[in-house]
Amino acid sequence: VYLDPPSNSQANYNVLFKGSSGKGADAQIEAFKDSWEWCEESENAFSEVLGSVNTQTAELLRAIRLFLGQSDMMAYLAMMAVRLLELHRVLKSTGSLYLHCDPTASHYLKLLLDGVFGKDRFRTEISWKRSSAHNDARQGRKQYGNIRDTIFFYTKSPDKWTWNWQYTPYDQSYIDDFYFHIDEATGRRYRLDNLTAAKPGGDTSYEFYGTKPYKGRYWAYSLEKMEAFKTDGRLYFPSEGGTPSYKRYLDEMPGVPLQNDWGDVKPVSGKERLGYPTQKPVALLERILASSSNPGDVVLDPFCGCGTTIHAAQKLGRQWIGIDITHLAISLIERRLKDAFPGISFEVQGTPNDLASAINLARRDKYQFQWWAVSLVEARPYGGKKKGADGGVDGVLFFRGDKGKTEKALISVKGGENVGVGAVRDLIAVVEREKAAVGVLISLAFPTKPMEKEAAAAGFFETPFEKVPKIQILTLAGLFQGMRPRIPRIDSAATFNTAAREKPDTQGRLF
């Protein structure tokens, strides 16, 4: 399990999409609010923990509440406690859990993890440098700059868990200082290693080609092993006849065993950046998964975000499960996986798959319904949750028109069961106002004859190659049957930040 949950930072995080120029657009969609408050849901979570079989966690959380009271932080910890208990339950006996957090609540989360797993199951506190130095002095900050995140590593078992050592390359200064010998025959770098030991391990005081270990020392290997070293050309004999040494070649060394300070994994930048807040680099998750899982193992990320964990799991040949509560995140993850792994097959559970479930979503949360409906036509959401902020537009899709000119199609979603001709007229007005090429109305209800007549009267958008209706009406029933808007030369890369395509082969080493 890897999880990067909200940290109660009291901040709102937005997704910044690409504009028609391919650069960042001004329009942002709120991905999630990282703020909590004590409410009925918090009380229910707290009560659930108190009623769990893990009495240690229950007593711990009750003690923390005596200190924090019914505060925002307590609401956050109650939410996390009930989830950590469930994650511990589904984790296999040889499994591990990595919790990624920042200093806002890391000290409280460490206590919760000790309660859920047991303090003897704590393995490592990893420090990851998530950003470069901040110049916050100009803003009046009176403390040290915070550029590091914490990753807690726990195991379910006290003594048996999946583990694969990872290595980082040697520093060049280390190579220059120690691997300065060059093999004349092969050009390979090597260093000299001691062949003696302080304590005997059998018959190791023999004479070897006229030499014996120094007084008080013994050969570290048997005579048979020493002869094999000599036959393989692995021994170095000083010209003055001193004690031989072992040739340890640089290209045979795996590197420096990985420690718990991960300043070498750089933050997300460049083409890897998809625009999602708090996005983590794939290299960070590759390192974690390679250390604590094997090919074919199942990886779970219960706070999936933009899908970095499952991207890394797919790349390294692991099975995976990702969970998120917003259709915005789910649609971004689907596109990311399809871009990075063409032909990939996966199942999405919890999104509407028929009219009944679509109607249910529309009634429960109109914004989630709009984001989901927009994703069906591979458009991106437009505007936020403020009333009137979108100006009648719920989604936008950019495409290449005549002579490579970037055009846009505007998407309007209507989740009501009674939609009239006014919705079409409003869309026509928005298309004209925004100088868009096409307008698409996605309707839960079937269009009326006046709606179809009004849409037809809007005419066509034409290119030298084809013409398509300027106003198009699609029903959810039709979308479920595979119908899609008629858009010339769709180029979705102009709409989304696109994940780079991964090579089909796997890496032999992580960097």
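Residues are numbered from 1 along each chain as its sequence is written, and side-chain values use heavy atoms, with hydrogens and water left out. Because the model is predicted, local features need pLDDT of at least 70 and side-chain atom pairs count only at pLDDT 80 or more, while totals for chains, interfaces and linings use all residues.

## Salt bridges

Side chains of opposite charge can pair when their charged atoms come close. The structure holds 22 salt bridges, a salt bridge being a side-chain nitrogen of Lys or Arg within 4 Å of a carboxyl oxygen of Asp or Glu. Three of these pairs are set out below.

| Pair | N to O distance |
|---|---|
| Glu 252 and Arg 188 | 3.2 Å |
| Asp 264 and Arg 287 | 2.7 Å |
| Arg 335 and Asp 339 | 4.0 Å |

Helices (H or I, at least four residues) and strands (E, at least two) are DSSP runs, numbered from the N terminus. Glu 252 and Arg 188 meet in a salt bridge. Glu 252 lies in the loop between strand 13 (245-249) and strand 14 (256-257), and Arg 188 in the loop between strand 8 (181-182) and strand 9 (189-193), so the pair ties together parts that are 64 residues apart in sequence. Glu 252 counts as partly exposed at 43% relative accessibility, and Arg 188 counts as partly exposed at 26%. Both residues also belong to a network of salt bridges that links Arg 188, Arg 234, Asp 251 and Glu 252.

The side chains of Asp 264 and Arg 287 form another salt bridge. Asp 264 sits in the loop between strand 15 (261-262) and helix 7 (282-292), whereas Arg 287 is in helix 7, so this pair ties together parts that are 23 residues apart in sequence. Asp 264 is partly exposed, at 38% relative accessibility, whereas Arg 287 is buried, with a relative accessible area of 7%.

Arg 335 and Asp 339 are also joined by a salt bridge. Being four residues apart in helix 9 (residues 327-340), they are separated by about one helical turn, and both Arg 335 and Asp 339 are buried.

Nine of the twelve residues are buried, so helix 4 is largely enclosed by the rest of the structure. Among the buried residues are Tyr 108, Leu 109, Leu 112, Leu 113 and Phe 117. The buried residues of helix 4 pack against helix 2 (55-68), helix 3 (72-90), strand 4 (96-101), strand 5 (122-129) and strand 6 (148-155). Just after the helix, Gly 118 takes a positive phi of about 100°.

Glu 86 lies in helix 3 and is partly exposed, with a relative accessible area of 38%. Glu 86 and Val 116 are 30 residues apart in sequence and 9.6 Å apart in space, C-alpha to C-alpha, and Val 116 is one of the buried residues of helix 4.

## The second largest pocket

A pocket is an open set of points on a 1 Å grid over the protein atoms alone, where a 1.4 Å probe fits, with protein on both sides within 12 Å along at least five of seven lines; lining residues have an atom within 4 Å of a point. The second largest pocket has a volume of about 470 Å³, a volume being the space filled by probe spheres set on the points, which are joined across faces, edges and corners. The pocket is lined by 22 residues, of which Glu 334, Lys 338, Ser 375, Leu 376 and Arg 484 lie nearest its centre. Helix 9, helix 11 (366-376) and helix 14 (476-480) each supply at least two residues of the lining, and helix 9 gives the most, with eight residues.

## A loop residue

Thr 243 is placed in the loop between strand 12 (235-236) and strand 13, and at 14% relative accessibility Thr 243 counts as buried. Not counting residues up to four places away in sequence, Thr 243 touches Thr 196, Lys 212, Tyr 214, Trp 219 and Pro 238, where contact means heavy atoms within 4.5 Å.

How values were computed:
Buried means under 20% relative accessible area, exposed over 50%, partly exposed in between (1.4 Å probe, protein chains only).
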